[in-house]
Amino acid sequence: MPSQAMPAPTFLKDYQPPAYRTEQAALAFDIRDGETTVRSKLRVRRTPEAVADAPLVLDGKELELLAVRLDDEALSGNEYSVDDECLTIHAPPAAFELEVETRIKPEANSSLLGLYKSQAMYCTQCEAQGFRKITYYQDRPDVLAKFTTTITADAERFPVLLSNGNLVADDKGADRRTVTWRDPFPKPSYLFALVAGDLASRIDYFTTMSGRRVELRIYSEPHNIGQCEYALGALKRAMRWDEETFGREYDLDIFMIVAVEDFNAGAMENKGLNIFNTSCVLASPDTATDATYERVEAIIAHEYFHNWSGNRVTCRDWFQLSLKEGFTVFRDAEFTADMHSRTVKRIEDVSALRAVQFAEDSGPMAHSVRPDSYIEISNFYTPTVYEKGAEVVGMAKRLVGHEGFRKGTDLYFDRHDGQAVTTEDFVVAMEDANSIDLGQFRRWYGQAGTPVLTVGTEWQGGSFRIEIEQSCPATPGQPEKAPFHIPVLMGLLGAQGEELPLSELSITSDDAAIEVRDPSLLAHLREPRTKLRVDGLPAEPKVSFLRGFSAPVRVRYPRPPEVLALLARHDSDGFARWDAMQSLLLDELDRLGRGAAVSEGVLDLFRTLIGDAAQAQDAETGSMLREMLLLPSESYVFEQVESIDVESIISARDRLLETLAGELEAGWRDLYERTAPPGPYQPDALGMASRGLNNLALGYLVHSGADDVNGLLKAHLNAADNLTDRLAALRQIADRAAYPNRAQVLEEFHQRWHQESLVINQWFAIQASARCTDVAAVRKLAAHPGFDPSNPNKLRSLYGAFARQNNRNFHAVDGTGYDFLAEVIADLDSKNPQIAARLLTPLTQWKKFDADRQRLMKAGLERLEAKEGLSKDVFEVVTKSLVRDRKPSQRS
């Protein structure tokens, strides 16, 4: 049973606009060792709808209140009240100026929310509700004010003092320096930012489409500044792309990014002053992998794009979080697709969605894209809000078309500039710009869960029938679902894999609107069951289903292996090729789990694709074939099955890997030799594609049983001139307990790179996820001098990697992995509850496992539930994970 009362949830249905609106906020920070004094001067006005004696409630947490003045008069004790959560001003006038002075201790702020100290610098993180840890304020996204920020600090130790907007004053005294920044655009408090430190910078300039010259600055600690050039280039590419694709121009004189070592998230889009986790902005050949380069570019773009989709137009309340995050994830995905390979980007996104977001949809924390309630809002920065939200935006684009979508976004930005709005406002803009009814489409925002499409076909004398049934499983609080509007893109292939010209066929349906977009057709599924009929065919076709992953759904469509192999070899839609390959391999793993041998058809398909990869001349082809030749990860497979048999899945995947490696060793060796690096490292598309294939071939060769494997790994590691290739070898070495001098190789790597924190994060993660790393080994790594238990990146690299990527040891039958994770979370919760709650996710999926593991995982959750003083973050996740198993009388 819980050790504390259930905190009161916040419900969307209870939303009320504020009784008062802060219009101007002048903040003055006096930063000194051990404490910081914050003086706020707020211009506040009562809204016309509020009653005359309505109180002003200002949010505040962990603050020492020093003074309160209203219109230059100190307030007496009966004119205000203060508690652990807020400062209430009783019956203030209709318009007034409020001054509040508080004292805070950033050095002791281990939650990394509000103002805190990271290494030698001070910085902030205010989204979602961190500003209330700085000063008393209306800390809600629908209160937009113009901010002026003054910062005073030691001139020698903190020569760089930054905040939002444009610099308007700089007083460089002998001992202390004072600067003032003014942001001309109204913003909610969650977009406030402050940085004080001894930082180096890289400066560049960007000329906007209207001819304005914008100064670009990236700041970091001096030893990291050489790794910021790539991010600066990525920023300029993103700015130009947003102008060309969405017509959005930057609006301030300066745009700044600061790289911070200690940061809970990836980055934060504060107006004009983005604050980034170092892992998302620093990149050099020795410290960043190919994947990291792409991630840096994508996140730089994501946070910049927020300037319009999040800042200029923000969300009315936190239930609307996907309004800015889902839309912006969609925007950054489109940017990455245009910069690199659209097909490979789609494959990467869907693979992650299926492995992570689908799991969330089927678990106890399932919620809709626009949730109905929450206890702790930080628990809803989720794949559902972000990635599924992006899929919903993508479906909207598919429904209205490319030009119609641009018309809709133009209307949305123009209509709501400077406002805090809702997902409904976004949908209405699409409707108004395109004269379309999206009524049923709105269910994607309000209904939780992943829809399931069950597909059947029938061939009868020249007539081909397709029947599609849609359903959606029950989720917490939503036992029944109404039908969604699901856009399904599909094509038809002939016996040799050729595309059939749909415009020349008769395609009809009584249940769905159909658009033929050769070589595909788009079917609008709105009913529980949809039937399509295709006439004019000489023979039964093969269906290429859900091209481009046109909707975030599960598909139940059993097809013979030879049909899946044909689609994987010939489909003109790159995503559908990959998806057919995944279906084929999942079916093969199921057969292997039941004792069968690897089929000749799978071996033949791999043999053909390996040959194609060895001949690939361009980045698009090479990258695509690498994705085709990768086996589905264990976590991906876990999410595709109804019930997880840990040992069977791992064993089947091991057998498939070893068989493909051994039987096709000559092909893998040829591919490895043909893709050897031709010259120095370049983070370009062709280099990334070549390295991807080269390291893929290396991985298969390691499992081939060849006599020269150890020598091959040693040579690969020693010859590498970049982190991508080094880690490819090191990962295989760490995975092989019998590798000669394994411990020495790992220690030598650490000694060489110990001053590069991001590289050491990878070093921890590789060992945490290795086959031979059990709980005892993780404890030993946690005691390593290079591990910092207060740093979120280190926590994710060790504990997150172990729980999410080391399935054979985390899911050990004795439950030691579960006990260990619960122990880690119990200790971390009082220091950084946000990270603690996110690390907890693997235990929440207990219902998908066998009875013994269910019991052990639940025991870990129950120990956490019984812990005194549990944070709201962890309490919400734990209690929701256990609530389905309690008797009704025990529910809170």
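Biologist: How many salt bridges does the count come to?
Modeller: The count comes to 71 salt bridges. Keep in mind that this is a predicted model.
Biologist: Which side chain does R103 meet in a salt bridge?
Modeller: R103 pairs with E35, at 3.5 Å from N to O. R103 sits in strand β9 (residues 95-104) and E35 in strand β3 (residues 35-46), so the pair links parts of the chain 68 residues apart.
Biologist: Why does R103 count as partly exposed?
Modeller: Because its relative accessibility is 23%, and buried would need under 20%. E35 is also partly exposed, at 29%.
Biologist: Moving on. What does D286 pair with?
Modeller: With R726; their side chains form a salt bridge of 3.0 Å, N to O. D286 lies in the loop between β21 (273-277) and α2 (290-305), while R726 belongs to helix α17 (residues 723-735), 440 residues apart.
Biologist: And R726, buried or exposed?
Modeller: R726 is buried, with a relative accessible area of 4%. D286 is partly exposed at 30%.
Biologist: Where are R691 and D290?
Modeller: R691 is in helix α15 (residues 685-702) and D290 in helix α2, 401 residues apart. Their side chains meet in a salt bridge of 2.8 Å, N to O, and both residues are buried.
Biologist: Which residues are linked in a network of salt bridges?
Modeller: One such network links E634, D654, D735, R771 and R808.

How values were computed. Residues numbered from 1 in each chain as written. Predicted model: local features only at pLDDT ≥ 70, side-chain atom pairs only at ≥ 80, totals over all residues. Heavy atoms only, no water. Salt bridge = Lys/Arg side-chain N within 4 Å of Asp/Glu carboxyl O. Helix = DSSP H or I, 4+ residues; strand = E, 2+ residues; numbered from the N terminus. Buried < 20%, exposed > 50% of the residue type's maximum accessible area, 1.4 Å probe, protein only.
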